[in-house]
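Here is a short report on a protein model. Look through the sequence and the structure first, then read on.

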Amino acid sequence: MMKKLSRRDLVKFGVVGAVAGLSKATESWSEVIIMPTPEEVEGPFYPVADQIDKDADMTQVTGRSGQALGQYIIIRGAVKDRFGVPVENATIDIWQANAAGRYDHPRDSNRAPVDPYFQGWAVIHSDTNGLFRFKTVKPGAYPASRSWTRPPHIHFKIFKKGYPELITQMYFPNEPLNASDLLFSNKTQEEQKAMVAQKTDEYDGMDVYTYNIVLRGH
Ligand SMILES: [Fe+2]
(Lines give C-alpha, C1' and ligand atoms only; values in the text may rest on other atoms or scores of the structure.)
Protein backbone atom coordinates (compact mmCIF):
# COMPACT_ATOMS: atom_id res chain seq x y z
CA MET A 1 0.00 0.00 0.00
CA MET A 2 1.34 3.39 -0.98
CA LYS A 3 2.10 5.79 1.82
CA LYS A 4 0.64 9.20 1.27
CA LEU A 5 3.43 11.55 0.36
CA SER A 6 3.38 15.23 1.05
CA ARG A 7 4.91 17.62 -1.43
CA ARG A 8 7.71 18.14 1.07
CA ASP A 9 8.38 14.39 0.96
CA LEU A 10 8.53 14.52 -2.80
CA VAL A 11 11.06 17.32 -2.66
CA LYS A 12 13.02 15.38 -0.04
CA PHE A 13 13.09 12.30 -2.24
CA GLY A 14 14.20 14.36 -5.19
CA VAL A 15 11.05 13.67 -7.19
CA VAL A 16 10.32 17.36 -7.46
CA GLY A 17 13.24 19.55 -8.47
CA ALA A 18 14.09 22.61 -6.45
CA VAL A 19 12.31 25.56 -8.01
CA ALA A 20 15.48 27.66 -8.16
CA GLY A 21 17.19 25.10 -10.39
CA LEU A 22 14.42 24.72 -12.89
CA SER A 23 15.53 27.04 -15.66
CA LYS A 24 17.42 24.25 -17.44
CA ALA A 25 15.46 21.40 -15.94
CA THR A 26 12.00 21.94 -17.36
CA GLU A 27 12.01 18.40 -18.71
CA SER A 28 12.17 16.93 -15.24
CA TRP A 29 8.88 18.68 -14.46
CA SER A 30 7.17 17.19 -17.47
CA GLU A 31 8.29 13.74 -16.37
CA VAL A 32 6.90 14.18 -12.90
CA ILE A 33 3.68 16.02 -13.57
CA ILE A 34 0.78 13.90 -14.77
CA MET A 35 -1.70 15.39 -17.23
CA PRO A 36 -4.86 16.40 -15.37
CA THR A 37 -8.02 14.56 -16.41
CA PRO A 38 -9.47 16.50 -19.36
CA GLU A 39 -12.60 18.49 -18.63
CA GLU A 40 -15.85 17.96 -20.48
CA VAL A 41 -19.22 19.71 -20.54
CA GLU A 42 -21.68 18.90 -17.78
CA GLY A 43 -24.45 18.28 -20.30
CA PRO A 44 -28.17 18.82 -19.72
CA PHE A 45 -28.92 15.85 -17.44
CA TYR A 46 -27.37 16.58 -14.06
CA PRO A 47 -30.01 15.46 -11.53
CA VAL A 48 -32.50 18.14 -10.53
CA ALA A 49 -34.44 16.30 -7.82
CA ASP A 50 -32.64 15.06 -4.72
CA GLN A 51 -32.86 11.37 -3.90
CA ILE A 52 -32.15 9.54 -0.67
CA ASP A 53 -30.17 6.68 -2.13
CA LYS A 54 -26.94 7.89 -3.71
CA ASP A 55 -24.67 5.07 -2.56
CA ALA A 56 -22.00 3.12 -4.46
CA ASP A 57 -24.40 0.41 -5.67
CA MET A 58 -26.40 1.94 -8.49
CA THR A 59 -27.99 -1.39 -9.49
CA GLN A 60 -30.63 -1.13 -6.81
CA VAL A 61 -32.62 1.59 -5.09
CA THR A 62 -33.25 1.47 -1.35
CA GLY A 63 -36.87 0.66 -0.65
CA ARG A 64 -37.58 -0.82 -4.09
CA SER A 65 -37.59 -4.56 -4.52
CA GLY A 66 -36.29 -4.92 -8.10
CA GLN A 67 -32.89 -4.89 -9.73
CA ALA A 68 -31.71 -2.54 -12.47
CA LEU A 69 -31.82 -3.82 -16.05
CA GLY A 70 -28.60 -4.20 -17.99
CA GLN A 71 -25.03 -5.39 -17.80
CA TYR A 72 -23.62 -4.93 -14.31
CA ILE A 73 -20.10 -3.51 -14.10
CA ILE A 74 -17.68 -2.21 -11.50
CA ILE A 75 -15.70 0.99 -11.97
CA ARG A 76 -12.73 1.51 -9.73
CA GLY A 77 -9.84 3.93 -9.64
CA ALA A 78 -7.84 6.47 -7.73
CA VAL A 79 -8.07 10.22 -7.40
CA LYS A 80 -4.59 11.73 -7.53
CA ASP A 81 -2.97 15.11 -7.91
CA ARG A 82 -0.57 15.99 -10.71
CA PHE A 83 2.34 14.55 -8.75
CA GLY A 84 0.61 11.20 -8.42
CA VAL A 85 -0.14 11.74 -4.76
CA PRO A 86 -3.48 10.19 -3.72
CA VAL A 87 -6.26 12.66 -2.90
CA GLU A 88 -8.33 11.37 -0.01
CA ASN A 89 -11.94 12.17 0.78
CA ALA A 90 -12.65 13.76 -2.59
CA THR A 91 -16.36 13.92 -3.34
CA ILE A 92 -17.13 11.98 -6.51
CA ASP A 93 -20.50 12.85 -8.01
CA ILE A 94 -21.59 10.37 -10.69
CA TRP A 95 -24.62 10.38 -12.99
CA GLN A 96 -25.46 8.40 -16.10
CA ALA A 97 -28.13 7.05 -18.44
CA ASN A 98 -29.62 3.63 -17.74
CA ALA A 99 -28.91 0.54 -19.84
CA ALA A 100 -31.44 1.71 -22.45
CA GLY A 101 -29.77 5.12 -22.79
CA ARG A 102 -32.33 7.08 -20.78
CA TYR A 103 -31.70 9.56 -17.95
CA ASP A 104 -34.21 9.90 -15.17
CA HIS A 105 -34.45 13.62 -15.90
CA PRO A 106 -37.38 15.81 -16.99
CA ARG A 107 -35.42 17.22 -19.92
CA ASP A 108 -34.56 13.81 -21.42
CA SER A 109 -36.91 13.36 -24.39
CA ASN A 110 -35.45 9.98 -25.40
CA ARG A 111 -38.31 7.52 -25.80
CA ALA A 112 -36.41 4.71 -24.07
CA PRO A 113 -38.02 3.93 -20.70
CA VAL A 114 -36.86 5.06 -17.26
CA ASP A 115 -35.76 2.10 -15.13
CA PRO A 116 -37.29 2.53 -11.65
CA TYR A 117 -34.74 0.12 -10.20
CA PHE A 118 -31.70 1.94 -11.51
CA GLN A 119 -30.25 4.52 -9.13
CA GLY A 120 -28.83 6.74 -11.88
CA TRP A 121 -26.91 9.01 -9.51
CA ALA A 122 -24.29 8.36 -6.84
CA VAL A 123 -22.20 10.54 -4.57
CA ILE A 124 -19.22 8.72 -3.06
CA HIS A 125 -15.83 9.60 -1.60
CA SER A 126 -12.26 8.51 -2.21
CA ASP A 127 -10.72 6.67 0.75
CA THR A 128 -7.50 7.48 2.61
CA ASN A 129 -5.51 6.05 -0.31
CA GLY A 130 -7.47 8.06 -2.87
CA LEU A 131 -9.31 4.93 -4.04
CA PHE A 132 -12.98 4.64 -4.99
CA ARG A 133 -15.27 2.04 -6.52
CA PHE A 134 -18.88 1.72 -7.48
CA LYS A 135 -21.20 -0.81 -9.09
CA THR A 136 -23.51 0.23 -11.88
CA VAL A 137 -24.93 -0.83 -15.24
CA LYS A 138 -23.17 -0.12 -18.48
CA PRO A 139 -25.01 2.94 -19.83
CA GLY A 140 -26.68 2.68 -23.23
CA ALA A 141 -25.90 4.95 -26.16
CA TYR A 142 -28.52 7.62 -26.79
CA PRO A 143 -29.45 10.16 -29.45
CA ALA A 144 -28.15 13.67 -28.74
CA SER A 145 -29.58 14.93 -32.04
CA ARG A 146 -30.87 13.40 -35.28
CA SER A 147 -27.39 12.88 -36.60
CA TRP A 148 -25.44 12.35 -33.39
CA THR A 149 -25.54 9.34 -31.11
CA ARG A 150 -23.63 9.64 -27.89
CA PRO A 151 -21.50 6.59 -27.03
CA PRO A 152 -21.88 4.97 -23.60
CA HIS A 153 -20.38 7.32 -21.02
CA ILE A 154 -20.59 8.24 -17.35
CA HIS A 155 -20.57 11.82 -16.06
CA PHE A 156 -18.32 12.80 -13.15
CA LYS A 157 -17.91 15.88 -10.96
CA ILE A 158 -15.10 15.81 -8.43
CA PHE A 159 -14.87 18.23 -5.53
CA LYS A 160 -12.01 18.54 -3.08
CA LYS A 161 -11.21 21.59 -1.01
CA GLY A 162 -8.09 23.26 -2.35
CA TYR A 163 -8.53 22.01 -5.93
CA PRO A 164 -10.58 23.39 -8.80
CA GLU A 165 -13.78 21.42 -9.40
CA LEU A 166 -13.43 18.87 -12.20
CA ILE A 167 -16.35 18.04 -14.49
CA THR A 168 -15.72 15.31 -17.03
CA GLN A 169 -17.07 12.22 -18.80
CA MET A 170 -15.69 8.69 -18.75
CA TYR A 171 -15.88 6.54 -21.87
CA PHE A 172 -15.64 2.79 -22.53
CA PRO A 173 -12.96 1.05 -24.62
CA ASN A 174 -13.68 -0.49 -28.04
CA GLU A 175 -16.88 1.45 -28.60
CA PRO A 176 -17.42 2.18 -32.31
CA LEU A 177 -19.44 5.30 -31.42
CA ASN A 178 -16.49 6.92 -29.63
CA ALA A 179 -14.80 7.96 -32.87
CA SER A 180 -17.89 9.76 -34.24
CA ASP A 181 -18.88 11.42 -30.95
CA LEU A 182 -18.74 15.21 -31.34
CA LEU A 183 -17.35 15.68 -27.82
CA PHE A 184 -14.90 12.78 -27.65
CA SER A 185 -13.53 13.28 -31.17
CA ASN A 186 -12.75 16.87 -30.29
CA LYS A 187 -10.08 15.72 -27.81
CA THR A 188 -6.44 14.97 -28.57
CA GLN A 189 -5.31 11.34 -28.60
CA GLU A 190 -3.60 11.82 -25.26
CA GLU A 191 -6.76 13.30 -23.77
CA GLN A 192 -8.90 10.53 -25.21
CA LYS A 193 -6.64 7.93 -23.64
CA ALA A 194 -7.12 9.56 -20.24
CA MET A 195 -10.90 9.63 -20.67
CA VAL A 196 -11.39 5.96 -21.59
CA ALA A 197 -11.58 3.43 -18.75
CA GLN A 198 -9.66 0.20 -19.18
CA LYS A 199 -11.15 -3.22 -18.59
CA THR A 200 -8.74 -4.63 -16.06
CA ASP A 201 -10.47 -7.52 -14.32
CA GLU A 202 -13.59 -9.55 -13.77
CA TYR A 203 -15.37 -9.99 -10.48
CA ASP A 204 -18.36 -12.22 -9.81
CA GLY A 205 -19.24 -12.25 -13.51
CA MET A 206 -18.93 -8.47 -13.86
CA ASP A 207 -16.42 -6.58 -15.97
CA VAL A 208 -14.20 -4.39 -13.80
CA TYR A 209 -12.99 -1.13 -15.32
CA THR A 210 -10.19 1.05 -14.01
CA TYR A 211 -10.56 4.80 -14.35
CA ASN A 212 -8.08 7.10 -12.65
CA ILE A 213 -8.74 10.78 -12.06
CA VAL A 214 -6.03 13.43 -11.90
CA LEU A 215 -6.94 16.82 -10.42
CA ARG A 216 -5.53 20.17 -11.43
CA GLY A 217 -3.96 22.52 -8.94
CA HIS A 218 -1.20 22.20 -6.36
FE1 LIG B 1 -24.63 12.07 -20.98
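## The sheet

What is the order of the four strands in the open sheet? The order is S3-S2-S7-S8, and the pairing is antiparallel. This comes from a predicted model. S3 and strand S8 (166-171) are the edge strands, each pairing on one side only. On average, neighbouring strands of this sheet are turned by 25 degrees against each other, direction ignored.

Five bridges join S2 and S7 in the antiparallel sense. Across from Ile92 stands Ile158 in S7.

## The iron site

Which protein residues are donors of the iron ion? They are Tyr103 (OH), Tyr142 (OH), His153 (NE2) and His155 (NE2). These donors lie 1.9 to 2.2 Å from the iron ion. Along the chain, the donors follow the spacing Y-x38-Y-x10-H-x1-H.

## Geometry at the metal

Why is the arrangement around the iron ion irregular? The four donor atoms subtend angles of 91 to 161 degrees, which makes the arrangement irregular. A tetrahedral call would need all angles between 85 and 135 degrees. For reference, the ideal angle for four tetrahedral donors is 109.5 degrees.

How values were computed: Residues are numbered from 1 along each chain as its sequence is written. This is a predicted model: local features need pLDDT of at least 70, side-chain atom pairs count only at pLDDT 80 or more; totals for chains, interfaces and linings use all residues. Side-chain values use heavy atoms; hydrogens and water are left out. Donors are N, O and S atoms within 2.8 Å of the metal (3.2 Å for Na, K and Ca); water is not among the atoms, so sites may look incomplete. Four donors count as tetrahedral if all angles lie between 85 and 135 degrees; four count as square planar and six as octahedral if opposite donors are over 155 degrees apart and all others between 65 and 115; anything else is irregular. Two strands pair if DSSP finds at least two bridges between them. Helices (H or I, at least four residues) and strands (E, at least two) are DSSP runs, numbered from the N terminus. Axes are lines fitted to C-alpha atoms, for helices over the stretch in contact, and angles run from 0 to 180 degrees between N-to-C directions.
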